[in-house]
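I opened the model and kept notes as I went. The entries below follow the order in which I looked things up.

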Amino acid sequence: MKIEIKLNRLCLIILAVLILAPSSLSAQIKQDKDKLNYELAKQYIGEEKYTEASSLLEDLIDKEFRDDYYNALTVCYKQLQESKKQEKLIKIAIKKGKTNTSIYYIDYGMFYLSKSDSTKADKMFLKAIDNLSANNTEIYLCAAHFNKNLLYDYTYKTYIKGRELLKQKTKYTYEIGYILQLQSKYDEVINEYIVLLEDNPNFLSQAEVNINNLLNSDKDKKLLSTLHNTLLEKVKANPKNEQLARLYLWTLIKEENYSLGFVQAKALDNRFDANSGNTLISFGEIAMNNEQYDIAVKTFDLLIKKGEEDNAFYEESLINRMNCLYIPFTRKTSHTEKEKKALHSEFEKTLSILGKNSKSAAIMQEYALFLAYYEHLSQEAIDILDTIVNMNTLSLKQRSLAKIDRGDIYLMEGDVWAASLEYSQVSKDLKNENEGSMAKFKNAMLSYYTGDFEWALSQFSTLRSSTSKLIANDAMEYSLLIKENMDEDSSYNALSYFAKADFLLFQNKYEEAKKNLEIIETSYISHAIFDEVLYKKGQIAYKEKKYVEADSLWNNLLLKYPYDIVADDALFSLAQMYENVFQDKEKALEYYQRIIIDYPSSLYVSQCRKKNEQIQSKKEKFPHSL
């Protein structure tokens with residue numbers, strides 16, 4: 001009996017297979033044929049054979065309505081100017097389409113716009129929005145379709161409708177903000193983010209990111225100005241709203257208004273940080289990193305006045321403050337004895353508080369360089385660097401950098417062998433690091449200074465592949481200098497005098513350096529090194545504060561040797577001099593832009609672009625200050 005039941009079941013299965021096989025096979029054949037016809041239609045469209053394509057697509061869409069058929073057929077009808085067929089197709093899409101019905105209404109609206117019937121178009125666009133359901137994807141697709149057709153008002157209305165449907169009043173803030181910005185509705189853009197922060201205080205970071213993205217595309221800079229004014233009023237009206245107050249500080253930093261930013265940072269520290277200093281340390285470091293050293297010093301002074309007890313930022317503030325005094329000092333072209341004495345006193349006072357230890361090692365290193373290069377107290381400087389080198393709590397890199405500085409001081413004092421020993425130790429200890437490459441480069445420079453050009457050339461050639469772009473570029477320049485200025489008899493007579501002048505300039509012995517350059521000018525009249533001589537004489541004039549002479553020499557170089565390897569160096573030196581010495585931002589900008597345009601492979605290009613942006617930005621904010 002069981003065997004009969006099993007046989008009966010088997011027969012039924014076989015019968016079912018025999019019945020169904022032909023229909024499933026037929027369905028597969030039909031599906032494959034439709035797929036081939038669709039691919040052929042796309043090919044016809046690519047070949048601009050729209051009549052042939054539309055014929056295939058009409059057959060396909062009659063059998064089954066699909067969005068890809070619809071989109072392809074719409075293209076054909078537009079190209080063939082078959083407006084009646086296009087309208088009929090849209091109506092079919094609205095009736096048969098299972099999803100994205102709003103998209104078809106938008107297409108219908110665009111159809112009416114093409115017929116210059118804005119009333120009917122508006123009706124269809126509003127239908128598209130009314131047809132939406134509480135589905136985020138559907139809302140995004142509808143908004144994107146409006147946006148694609150540059151219908152920003154309807155894009156905005158779509159997102160507002162989406163908020164209502166999803167019952168989230170701060171949904172789509174970034175998207176709405178972007179659309180409002182395109183329409184120059186800056187007040188409404190700002191209001192969007194203020195409402196977001198009032199409703200979601202934890203969204204401050206996200207709001208800053210999104211507003212920053214909008215600012216980056218704000219070419220006329222009106223959004224930032226509106227943001228400032230609106231937030232100022234809101235902060236005054238709502239002094240207890242921490243997020244608005246912090247966004248206002250962020251806005252001031254974006255505006256580079258550090259003076260007002262300092263006032264706001266103090267207020268935030270008092271009102272919301274319980275005088276912990278969290279906002280102040282952050283603001284101070286931002287100001288320092290943006291070279292606003294006076295404001296940064298005022299900020300760190302506030303933190304230092306809080307005292308060491310219950311102040312997590314006391315030592316950090318002391319170190320940062322000292323950096324803010326030292327860095328601008330080193331960038332000045334001249335210093336009075338009073339200025340040097342004042343900075344000396346600050347170093348002594350800071351180190352007496354911090355002590356000479358691993359925490360203060362960076363300040364100690366700066367102090368050593370100050371003593372060596374500005375007070376000419378080489379032995380005192382070396383003693384400090386010895387202390388750093390012997391600090392076992394410091395990393396090898398930190399100690400190695402102190403060794404490099406020690407080597408530089410030895411070299412400045414003329415102790416070539418001691419300098420070489422320092423550089424060699426570092427290049428051996430850190431041979432795979434940038435610091436090791438730097439030490440190797442300095443050793444190569446030492447060989448160049450002393451006239452061992454063959455050895456120096458071999459080292460420079462190796463360093464041209466350094467991971468440090470700065471070292472690689474300098475190595476390439478000196479490598480070319482040696483190769484291009486070899487005499488016809490394979491000697492280096494003129495280059496020897498030039499290298500001596502270079503070394504004497506490093507030692508700040510300007511008169512002796514000029515004498516060596518004068519020997520080249522009188523004894524090697526037709527030598528190829530004359531362009532480098534002009535550049536070096538300009539450097540000496542600059543160091544001697546003979547700025548008009550430096551200007552003349554560097555411009556003479558650009559006139560006579562515009563394609564020489566030091567041409568971009570001369571341009572950058574001129575730009576820096578006009579910006580920092582002559583305070584002529586417009587002229588400096590000309591030189592920065594010449595490097596960008598005429599010397600696109602120069603190492604200075606990225607710096608020039610940054611300078612260009614900074615000066616242009618200040619011109620827009622303060623048009624009469626340059």
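**Entry 1: H21 and H23**

I began with a helix pair: H21 passes H23 in a left-handed crossing. (A crossing is left-handed if the near helix is turned anticlockwise from the far one by less than a right angle, and right-handed if clockwise.) Helices here are DSSP runs of H or I with at least four residues, numbered from the N terminus. The model is predicted, so local features need pLDDT of at least 70 and side-chain atom pairs count only at pLDDT 80 or more, while totals for chains, interfaces and linings use all residues. Residues are numbered from 1 along each chain as its sequence is written, and side-chain values use heavy atoms, with hydrogens and water left out.

H21 covers residues 396–412 and H23 covers residues 434–449. I read a packing angle of about 10 degrees, with the axes 10 Å apart. (Axes are lines fitted to C-alpha atoms, for helices over the stretch in contact, and angles run from 0 to 180 degrees between N-to-C directions.) H21 and H23 are therefore roughly parallel to each other, a label for angles under 35 degrees.

Next I listed the contact, meaning heavy atoms within 4.5 Å. H21 contributes Lys397, Leu401, Ile404, Asp408 and Leu411. H23 contributes Glu435, Met438, Ala439, Lys442, Leu446 and Tyr449. The contact of H21 with H23 divides into seven nonpolar, no polar and four charged residues. (Ala, Val, Leu, Ile, Met, Phe, Trp, Tyr, Cys and Pro count as nonpolar, Asp, Glu, Lys and Arg as charged, and the others, Gly among them, as polar.)

**Entry 2: H13 and H15**

I then turned to H13 (residues 242–254) and H15. They pack at an angle of about 15 degrees, with their axes 12 Å apart. That makes H13 roughly parallel to H15. The crossing of H13 and H15 is right-handed. From H13, Arg246, Leu249 and Ile253 meet Thr279, Phe283 and Ile286 of H15. By class, I noted four nonpolar, one polar and one charged residues in the contact of H13 with H15.

Which residue here has a phi near 55 degrees? Alanine 274 does, a positive value in a residue other than glycine. Most residues other than glycine have a negative phi. Alanine 274 sits in the loop between helix H14 (258–271) and helix H15 (278–289). At 65% relative accessibility, alanine 274 counts as exposed. (Buried means under 20% relative accessible area, exposed over 50%, partly exposed in between, with a 1.4 Å probe and protein chains only.)

Asparagine 275 is also in the loop between H14 and H15. The phi of asparagine 275 is positive, near 60 degrees. Asparagine 275 counts as partly exposed, at 41% relative accessibility.

**Entry 3: aspartate 564**

Is aspartate 564 buried or exposed? Aspartate 564 is buried, with a relative accessible area of 14%. I found aspartate 564 in the loop between helix H29 (547–560) and helix H30 (567–580). Leaving aside neighbours within four places in sequence, aspartate 564 is in contact with Asp531 and Glu532. Aspartate 564 and aspartate 531 are 33 residues apart in sequence, and their C-alpha atoms are 7.3 Å apart. The side chain of aspartate 564 also reaches the backbone nitrogen of valine 566 at 3.1 Å.

**Entry 4: lysine 148**

Lysine 148 is exposed, with a relative accessible area of 59%.

Conventions:
Helix = DSSP H or I, 4+ residues; strand = E, 2+ residues; numbered from the N terminus. Parallel < 35°, antiparallel > 145°, perpendicular 65-115°, else oblique. Polar contact = N/O pair within 3.5 Å; in protein donor to acceptor, adjacent residues only side chain to side chain.
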